Amino acid sequence: MLKFFRSNIFKVLLGVTLILSGILFYTSAYLENGLLDAMSYITLPFEKLSSRISNSAVSFLAERKEIYELELEIEELEDEVRDLRSKMVDYYDTKKENAQYAKYYDLKRENNSLKFVSASVVGKDPGEFFGNFIIDHGSGAGISVNDAVITENGIVGCVSHVNANSSRVKTVLSPDVKIGVVDKMSLDSGVISGDIKLADQNLTRMTLIPSQNNINPGDFVVSSGLSGMYPKNLLLGKVTSLEYDSYNASNYAVVEPFEKIEDVQDVFVVIGFQGKGEIVGNTIKQHVSYDDSQKDIK
């Protein structure tokens, strides 16, 4: 046996075996690498696509989370804005009420017997030229027909119609309104009655004045208190000129109300004062109107 391993035949067989083993090893390694390359070439696009999908999903979820958080933040901010708006409305309502009460006390200090209802203008009468308006209080607040309507600047009109929760007001620019007045400087008396030719200029007329009078432009006109509808000495306006009515052959004074009627927003309705009532002979009457009915209470 030892002789065989030392023989040339064994040496040749060993050499061939080594050569064949080398060839097989090389071929196996080459085939393995080639197969791996081929598989890698085939799977590479799928790996890229999978990676893109994965990245997109992560990015989408992150964006959705951010959007959700932003939506929650927006909802919270909207709630805060609504709350602030509500508080602002309450603030302005309170501020408005305080301003009205301040005016009320100023008027009350000058006329202790006056009883007021504060109200706001909520509409205008359509199809008329005298600035007549609607207020947000009525008989439920103690308001009656013919109650004087004033502001801190002076008389603006009177109540012409009353419902439970609202009232209509005719202004000093209307010919339907008659107010006994006095020129505070000359003491000449007269009656305020509107005129359609003057109304659009925020002017009215003081009629039935004496032919011999001492009225001058710039004089203040105040309520006389004689009718029982308006308290005495409430400001109304100032005289701008003296005119002559050739049709009636009488003098009249043009009066500019201290309040610009079309700008009136808040008013006081005088529901009581000493001597309130319409004087007819020896009878004092008050007029109350609900909806379309009107009755006198003696």
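Select Val182 and Val222. Val182 stands opposite Val222, which belongs to strand 9. This is a predicted model, where local features need pLDDT of at least 70, side-chain atom pairs count only at pLDDT 80 or more, and totals for chains, interfaces and linings use all residues. Numbering starts from 1 along each chain as its sequence is written, and side-chain values use heavy atoms, with hydrogens and water left out.

Now widen the selection to residues 179–183 and 220–223. These are strand 6 and strand 9, paired in the antiparallel sense over three bridges. Strands here are DSSP runs of E with at least two residues, helices are runs of H or I with at least four, and both are numbered from the N terminus. Two strands pair if DSSP finds at least two bridges between them. Strands of a sheet pair through backbone hydrogen bonds, either parallel or antiparallel.

Six strands close into a barrel in the order 6-7-8-11-10-9, with antiparallel pairing. Neighbouring strands of this sheet are turned by 45° against each other on average, direction ignored. The axes are lines fitted to C-alpha atoms (for helices, over the stretch in contact), and angles run from 0 to 180 degrees between N-to-C directions.

Stay with strand 9 and pick Phe220, which is located there. Phe220 is partly exposed, at 34% relative accessibility. With Phe220 they make a nonpolar surface patch of about 260 Å². Patches take residues with over 30% relative accessible area and no salt bridge; nonpolar side chains (Val, Leu, Ile, Met, Phe, Trp, Tyr) are joined within 5 Å, like charges within 9 Å.

Next, select Arg205 and Asp245. Their side chains meet in a salt bridge, 3.7 Å from N to O. Arg205 lies in strand 8 (residues 204–207) and Asp245 in strand 10 (residues 235–245), so the pair ties together parts that are 40 residues apart in sequence. Are these two buried or exposed? Both Arg205 and Asp245 are buried. A salt bridge here is a side-chain nitrogen of Lys or Arg within 4 Å of a carboxyl oxygen of Asp or Glu.

**Two loop residues**

Go to Asn202, in the loop between helix 3 (196–199) and strand 8. Asn202 has a positive phi of about 60° although it is not a glycine. Its relative accessibility is 11%, so Asn202 counts as buried. Then jump to Ala249, in the loop between strand 10 and strand 11 (250–257). Ala249 also has a positive phi, about 50°, and is not a glycine. Ala249 is exposed, with a relative accessible area of 51%. Most residues other than glycine have a negative phi.

**The other barrel**

A closed barrel of six strands runs 1-2-5-4-3-12, with antiparallel pairing. Neighbouring strands of this sheet are turned by 45° against each other on average, direction ignored.

Focus on strand 12 (residues 266–272). Five of its seven residues are buried, so strand 12 is largely enclosed by the rest of the structure. Strand 1 (residues 115–124) joins strand 12 through six bridges, running antiparallel. Look for Ser120 opposite Asp266. Strand 3 (residues 148–151) joins strand 12 through three antiparallel bridges. Here Ala148 stands opposite Val270.

Move on to strand 4 (residues 154–162) and strand 5 (residues 167–171), joined by five bridges and antiparallel. Check His161, whose bridge partner in strand 5 is Arg168.

Pick Asp176 and Lys170. They form a salt bridge, the closest N and O atoms being 3.0 Å apart. Asp176 is exposed at 54% relative accessibility, and Lys170 is partly exposed at 27%. Then pick Glu262 and Lys260, whose side chains meet at 3.6 Å, N to O, in a salt bridge. Glu262 is exposed at 56%; Lys260 is partly exposed at 42%. The count comes to three salt bridges.

**Zoom out**

Show the whole chain. The protein chain has three helices and 15 strands. Of its 298 residues, 32% count as buried.

Conventions
Accessible areas come from the Shrake-Rupley method with a 1.4 Å probe; for residues, only the protein chains shown count as cover. Buried means under 20% relative accessible area, exposed over 50%, partly exposed in between (1.4 Å probe, protein chains only).
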